[in-house]
Amino acid sequence: MPTVSQHVAIALSRHIDQVFGLMGNGNAYFLDSILRDTDATFTAVRHEAGAVVAADAHYRASGRIAAATTTYGAGFTNTLTALAEAAQARIPLVLIVGDEPTSGPRPWDVDQIALASAVGVRTYTAGRLDAAATTIIAIEHALAYRLPVVLAIPYDVPTLEAGDVPATPPLRLPQPQAPAPFTQAAIARVAEALAQAERPLLLAGRGAHLAGAGPALGALADATGAVTSSSALGRGVFPDQRFDLGVTGGFGAPGAMELIREADVAIVFGASLNPFTMRFGELFAPGTRVVQVDIAPAATHPRVGDYLQGDARLVAEALTAALDAALDGARPSGWRDTVDVAALRTQDPGEPELADGRLDPRLAAARIAELLPEDRIVVSDGGHFIAWANMFWPVASPTRMIMVGTAYQSIGLGFPSVAGAAQADPDATIVLTTGDGGGLMALSDLETAVRTACGRGLCVVWNDGAYGAEVNLYGLKGLAEDPMLIPDVDFAALGSAVGAEGVVVRRIEDLDRLAEWASRPAGERPFLVLDLRISRSVIAPYQREVIRVNS
């Protein structure tokens, strides 16, 4: 007779084919059923946080929901930072965990439902009579609200007989949010403003990508003659890159950011306009008319003058249709045809020599960009170093730049991200960018990264011997720097210890090893760890903006 664990595993596998986790007392029977009774793939990680991180990265890279699993108690509490990140970033996933028995808590149990709720995550509990249905409801909730959920299996429940596994209906998910009837007049007004604009700008974020708005935004850009740009998580959403200024905000090139301030009308699709995207209020000129399109109840930044609530694709299509009437035969703005986009996107290439004798991270990032395979997915840990990949390594679409940790301002989630991205796209090269602080924090899953990506994997460690963001912000204020510094760590040797090839990079010429690695087929090369000994004297532009605001 099928058990509760089998009900959960089989129902889950009808909609989820990737499970990441670490076995313990609380999830042993569930994992046994996943492996014996379903076609789902299980990938082992070495730390419980890594299970959630891998499922998170898998969704960001593929758009397909994945599951994570851990035991109860300490196994669950170890996931909380990763759960908080997924909740803040609005990433759907299902975390299957053990929990206290139905008879009540044991001395080592904690209130897991309360802990999950504290970081914005809802818990569903599987019982003997409703395990399959509860599993489907949990998946629906995660996808409908774009949030992680916890599916708990009490300790005395997994082996209970539950009868035949029932058939489950298709998932019921919300349809794209069409603009309300009262929004139509506002759409007409915005279309009229676009028709009259001399320097129109379209800016798109991750929400536009999730809405599948790329073609509609491309048509609107063509109709208006607009220059385009994106948030860090929305890059590549516009189909025509000839007129795209790249990433907006602190990662953007200086010339591109200057041009954006010349825009007279800016329409923002599916971007939250956080302080980093907005350059702490300096992105737009005072006279720019800013319009936001989003599904949130109201505008998310005080700079927004007009708010159009609705799905980014549907609103873009409605604006294009309204624009046809507003133009009435007139030609769109020719602003973008006068702009040298390639020149404006140029970043500061850095210095060949610095006073401390270490590498300029800008110079290293630019050289790495020349050598990286084009089919790459870049996964990024959090920290000061996030600027270098975002400034210098272009990617093809929003699913190819994954920043796990930035929503919750955390570090140490990099290495397990590789596993999720590697399973999401079995053909892509997975490039991890991490710092020495975050790299040490996530070290338990260095082995996971090497094992899951193999020769498709590459890790770039920006090793400056410090927690760079803290040195830049608080060291410059005169606070004691000892807690901000890290003794030299040989990440190349650490990589070699778990089967990777490690290379210490002290000179630009040392990156020639990357060129040799990239020239070989993935099946004939090892995972590569590049330990870049960079200078901490170079402060990223976005960090300078943070310093300016906090000084």
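**Parallel sheet, packed helices and cysteines**

Helix α10 (residues 214-224) lies across β7, β8 (227-230) and β10, running at about 170° to β7. Contact here means heavy atoms within 4.5 Å; axes are lines fitted to C-alpha atoms, for helices over the stretch in contact, with angles from 0 to 180 degrees between N-to-C directions. Helix α12 (residues 312-327) also packs on the sheet, where it touches β10, β11 (289-294) and β12, and its direction makes about 145° with that of β10. The model is predicted, with local features requiring pLDDT of at least 70 and side-chain atom pairs pLDDT 80 or more, while totals for chains, interfaces and linings use all residues. Residues are numbered from 1 along each chain as its sequence is written, and side-chain values use heavy atoms, without hydrogens and water.

The sheet is open and has six strands in the order β9-β8-β7-β10-β11-β12, paired in parallel. Helices (H or I, at least four residues) and strands (E, at least two) are DSSP runs numbered from the N terminus, and two strands pair if DSSP finds at least two bridges between them. The edges are formed by β9 (244-247) and β12 (306-309); each has a single partner strand, so one side of each lacks a neighbour in the sheet. On average, neighbouring strands are turned by 15° against each other, direction ignored. Five parallel bridges join β7 (residues 200-204) to β10 (residues 265-269), and Pro 200 has Val 265 as its bridge partner in β10.

Zero disulfides (cysteine sulfur pairs within 2.5 Å) are found in the whole structure. The sulfur of Cys 459 is 15 Å from the closest cysteine sulfur, that of Cys 454, too far for a bond. Cys 459 is buried (under 20% relative accessible area; exposed is over 50%, partly exposed in between; 1.4 Å probe, protein chains only), at 0%. Cys 454 is partly exposed, with 44% relative accessibility.
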